[in-house]
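Here is a short report for a first look at this structure. Keep the sequence and the 3D view open as you read.

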Amino acid sequence: MSMMSELEPEALPPEPAEPPKRVVGRTPFQLAWARFKRDKLALVSLVVLVLMAIFALMAPLWADWTGHPYDQTFPKTALDAAGQPVGPGKDFWLGADQLGRDVLVRAAYGARISLVVGILSALLASLLGVAVGVLSGFVGGVTDTVLARIMDITLALPYLLVAIMLATTFQISSVTASLTLTILVIAFFSFASFGRIIRGQVMSLKQKEFIEAARSLGASNTRIMFVDVLPNLIAQVTVLTSLLIPTSIVFEATLSFLGVGVRLPMPSWGSMLGEGSDVFQTAWWLLVVPAVLLLLTTLSFNLLGDGIRDALDPRSDRIIGKK
Amino acid sequence: MSLLEVTDLRVSFNTADGVVHAVRGMSFSVDRGRTLGIVGESGSGKSVSTQTLMRLTPGARIGGRALFEGQDLLTMSDRRMRQVRGAEIAMIFQDPLSSLHPLYKVGRQIEEMIKAHDAGASKEQARKRAVEMLGLVGIPRPDRRVDDYPHQFSGGMRQRAMIAMALALNPKLIIADEPTTALDATVQAQILDLMRRLQREFDTALIMITHDLGVIADMADDVLVMYGGHPVEEAGRRDLYYRAHHPYTKGLLESVPSAAGTGDRLKAIAGQPPSLINLPSGCVFHPRCPFVHDRCRTEDPPLDAVGGAALSPGTAHRSACWLPHDITGLGEDADRARAAAAERGRAGGPGTGATKGGAA
Amino acid sequence: MTAGTAGLHAAAERETLVSVQGVVKHFPIKQGIVFKKEVARVHAVDGVDLEVRSGETVGIVGESGSGKSTLARCVTGLHPVTSGRILFEGTDITKLSGAGLKAFRKDVQMIFQDPYGSLNPRRRVGSIIGDPFAIHGLASGAERKKRVQELMELVGLNPEHYNRFPAEFSGGQRQRIGVARALAVRPKLIVCDEPVSALDVSIQAQVINLLKDLQREFGLTYIFIAHDLSVVRYVSDRVGVMYLGRIGEAAAAGDLYERPRHPYSAALLSAASIADPDEAERAERIVLIGDVPSPIDPPSGCRFHPRCPKAEERCTVDEPELEVKEGDAADHLTACHFPVEPGENLAREHAGIRQESTEPELPEVEQ
């Protein structure tokens with residue numbers, strides 16, 4: 001074989017132009033958004049949640065328009081001769097409760113509580129979960145053993161009992177303080193399952209060759225954590241957080257239903273359910289209104305979370321035309 | 001009639017980025033006792049084609065015919081397909097650990113398969129057969145290992161167990177998809193040895209899919225070289241290695257390090273494999289081909305007979321390339337003839353000849 | 001090489017860059033919930049000596065479980081060694097930490113097997129290749145971009161693809177990205193851990209050619225780890241054959257392939273597939289029995305004895321030294337009591353000991 005024949009395939013440039021028309025220049029975010037846009041169910045959920053947020057934001061406006069502040073009773077117009085609350089009608093669009101308060105207005109305020117508590121406690125839980133999970137998974141050793149055990153213990157605690165205990169111990173009367181306590185309690189009981197998943201993710205990321213590559217380049221642990229580990233958790237964290245919100249909303253509703261959540265008279269869907277369950281047979285709307293709103297919200301969040309997961313998970317886009 | 005006769009198989013998938021043309025017109029046939037080797041790189045369509053025959057590609061758009069003993073695999077009922085799978089056509093995969101169920105004993109998995117296809121078989125009969133098969137593939141003390149779980153087997157032993165499973169129902173055709181790629185060299189030699197012996201004994205037809213030209217040289221009677229979703233050359237084994245016609249086949253054979261002297265540069269094929277979504281015009285190989293001429297850029301060459309004296313008579317030697325069909329082999333003379341032919345093709349093309357001709 | 005230099009020194013003319021001395025790396029297997037107790041250990045690397053001279057390529061071949069990748073990671077300082085010393089330009093790197101370690105990391109780079117796994121999928125190619133500049137504070141801003149684009153050009157990538165993500169490149173191109181990153185800090189040694197085994201054949205040749213060109217241009221030293229014998233032979237000046245954490249044979253590449261002395265090397269060479277049907281038919285295969293034993297509990301004596309066609313009683317108890325055997329070149333070392341004689345047909349040999357254990361045996365099939 002001659003050293004340099006003209007026939008050598010090598011005569012061609014080593015890398016001609018580029019691989020024939022790959023799909024170029026799209027960031028992972030753009031790709032995810034393109035996939036998300038095709039998910040009709042997730043889009044509908046997003047719309048429902050936006051409407052729900054508007055409904056919640058408009059709570060004082062509802063009160064103004066109807067002339068029914070959420071904590072004021074209207075014994076004359078809202079209760080009939082027998083003292084029973086009136087059903088949905090011209091004055092009270094979604095009916096009144098036993099004390100003669102407007103259910104629509106109360107539901108709007110309840111939406112505020114649900115969304116605020118749900119989102120804030122989910123964010124707090126994910127923040128805590130990421131911090132603990134990353135630390136535990138990345139540092140390993142004794143730190144990991146201690147943190148992992150703490151998460152195990154948290155998961156083993158009977159959360160309702162602890163929540164009731166806390167509420168009775170502190171005897172909080174102010175709405176803000178009870179709101180804060182509720183958020184803290186929910187976040188505390190949700191972060192552990194979150195942290196566990198993140199810990200597992202980090203441990204598997206740690207085995208990846210690109211982490212080894214970074215280490216062999218001389219990168220410090222802090223750099224590896226922020227440059228290589230955290231960006232790879234974004235998808236997972238986004239999905240988990242969006243799925244944690246509905247859980248937290250239900251958690252809040254449960255606490256309020258039991259009377260250890262947000263303090264009365266501030267309405268919450270949970271406490272409205274609690275009040276309505278006694279008179280379900282005579283005043284069905286007291287139960288149905290908060291129940292439907294709660295269902296709609298949590299379902300939408302769940303579907304949205306699923307949509308985000310499908311959009312961020314590259315494996316799910318392989319085949320669309322599946323019959 | 002051949003045992004399996006595939007005509008113009010086409011497979012495509014819809015994905016977010018467009019339609020992936022995984023297989024674009026593939027025809028071949030296999031007879032009992034013969035081994036067909038399908039070589040190709042990743043994305044050449046070699047695995048998708050056989051998975052499609054077994055109807056393991058959900059969501060794919062499929063065209064063409066695949067007659068197995070006269071029945072079309074692509075259109076037969078799901079019920080009939082389930083009977084065919086395992087009993088008449090068996091598959092062996094690259095990674096035995098992911099094909100064996102981790103929570104069931106190896107023997108039990110073989111027994112289940114026997115019973116699924118032969119309702120009359122008693123538990124004792126099935127177990128006896130499982131032990132017999134494990135012994136046949138060289139697993140020592142099979143009466144004891146039959147009760148082991150897959151993780152208790154080493155990589156080579158697992159691949160043996162897979163082969164035992166594939167053979168348990170005495171299939172007429174075995175499709176082996178990169179069966180030794182995950183194994184070490186010394187174990188690969190054992191497994192290939194075993195497959196050769198068993199094929200001879202049971203007179204099965206074998207389709208061997210691999211990227212390893214060494215495995216093909218060792219095992220195959222006939223070879224199909226896949227590139228960009230369709231065969232670019234088909235030939236008897238010796239014809240393929242000593243009388244290669246297609247520049248891609250030639251490039252593959254030459255890029256194996258052992259074929260070159262240690263001092264020289266390796267003869268790499270320039271460029272990257274084509275995207276199956278956006279295929280190049282004309283011949284799919286033309287952007288990487290050192291002998292490209294004008295016609296290659298616009299017209300897709302048909303698979304046509306290669307001239308000259310065949311080394312393995314009985315098997316057609318065909319190649320999809322516009323170069324004259326009497327230039328074969330790897331030698332320098334053949335390369336010079338190819339280059340000259342390509343040069344003629346460039347100069348002769350109206351309009352483009354002047355610019356493209358001198359550039360290369 | 002000058003004439004008149006004694007054979008022993010001929011190859012040693014170039015200075016030693018890396019000296020691996022009696023390196024042992026065990027991975028403990030721990031069990032327990034709160035207090036972890038060591039229940040066993042994986043003997044990944046179990047006493048390896050190796051010299052790498054400046055400007056040469058040392059190939060390490062071995063099958064899975066041979067410890068070749070672990071050895072690579074010990075040399076690059078990714079794994080702390082259990083015992084032994086690794087001298088890099090005379091400094092023992094096993095004792096380095098802090099600034100010293102960081103400086104060493106600049107001199108030694110690694111190219112990984114998996115072109116998909118070794119690049120962070122969430123980062124742009126420009127920032128991946130620019131990583132070494134950022135970590136070692138060598139260049140930033142426009143200067144870094146310029147140098148990254150120079151590197152991309154050097155390894156045959158289009159510099160305009162600076163802002164793309166790894167997913168937009170093919171396997172071969174990704175491996176080029178890995179090469180560019182390794183070259184960024186102008187290292188003295190590059191450890192290549194199976195750099196082409198995940199690539200298609202035609203792309204393998206491109207990457208190997210690139211590595212060879214770069215070596216010529218920058219005077220790089222390579223430790224090249226692979227299971228593919230033909231690739232190792234092609235790139236290496238000297239080759240070491242590893243089996244279960246030990247080096248069984250080490251020699252100049254051509255010498256080893258033409259005159260293997262260790263039965264394992266001979267078997268490994270004969271098991272390699274040959275892309276030539278007539279030669280494949282002629283080749284007399286030494287089909288070894290069984291699989292590689294577990295490195296958790298390696299066999300006594302010579303670790304190859306349960307599979308060796310030449311094994312005798314002595315091999316089960318007496319561990320052979322890595323030494324020059326009679327009639328071999330001065331740099332051809334073999335660890336075997338009964339080395340293969342030239343012309344000997346190993347396929348016909350039968351061990352002098354019983355090799356039963358759990359190893360598979362192939363029954364005779366009537367033909």
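At what angle do helix α11 (residues 234-257) of chain A and helix α12 (residues 269-278) of chain A pack, and how far apart are their axes?

## A helix pair in chain A

The model is predicted. In it, α11(A) and α12(A) pack at an angle of about 45°. Their axes are 7 Å apart. Angles of 65 to 115 degrees would count as roughly perpendicular, and those under 35 as roughly parallel. The angle therefore makes α11(A) oblique to α12(A). The crossing of α11(A) past α12(A) is right-handed.

Which residues meet here? From α11(A) come Glu252(A), Ala253(A), Thr254(A), Leu255(A), Ser256(A) and Phe257(A). They meet Trp269(A), Gly270(A), Ser271(A), Leu273(A) and Gly274(A) of α12(A). Sorted by class, this contact holds 5 nonpolar, 5 polar and 1 charged residues.

## Where chain B touches chain C

Chain B brings 49 residues into contact with 41 residues of chain C. On the chain B side, the elements that give two or more residues are α7 (155-167), α8 (185-202), α9 (213-219), α10 (237-242) and α11 (247-255). Which of them gives the most? That is α8(B), with 11 residues.

The side of chain B that touches chain C has 20 nonpolar residues. Another 16 are polar and 13 are charged.

## An open sheet in chain B

Chain B also has an open sheet of 8 strands. Their order is β6-β7-β8-β3-β9-β10-β12-β11, and the pairing is mixed. Which strands stand at the edges? They are β6 (89-92) and β11 (304-305) of chain B. Each has a single partner strand, so one side of each has no neighbour in the sheet.

Asp304(B) has Ser319(B) in β12(B) as its bridge partner.

## How confident is the model?

Chain A averages a pLDDT of 81, and 88% of its residues score at least 70. Among its elements, helix α2 (residues 40-57) has the highest mean pLDDT, 92. Helix α4 (residues 75-78) of chain A has the lowest, 76. Two stretches of chain A need separate mention. Over residues 1-24 of chain A, pLDDT stays under 50, with 48 contacts beyond four places in sequence. Over residues 316-323 of chain A it also stays under 50, with 17 such contacts.

Chain B averages 86, and 94% of its residues score at least 70. Residues 349-360 of chain B have a pLDDT below 50. Beyond near neighbours in sequence, this stretch has 11 contacts in the model.

Key:
Residues numbered from 1 in each chain as written. Chains lettered and ligands numbered in written order. Predicted model: local features only at pLDDT ≥ 70, side-chain atom pairs only at ≥ 80, totals over all residues. Contact = placed C-beta atoms within 7 Å. Helix = DSSP H or I, 4+ residues; strand = E, 2+ residues; numbered from the N terminus. Nonpolar A, V, L, I, M, F, W, Y, C, P; charged D, E, K, R; others polar. pLDDT = per-residue confidence, 0-100. Axes fitted to C-alpha atoms, helices over the stretch in contact; angles between N-to-C directions. Parallel < 35°, antiparallel > 145°, perpendicular 65-115°, else oblique. Left-handed = near helix turned anticlockwise from the far one by under 90°. Pairing = 2+ DSSP bridges.
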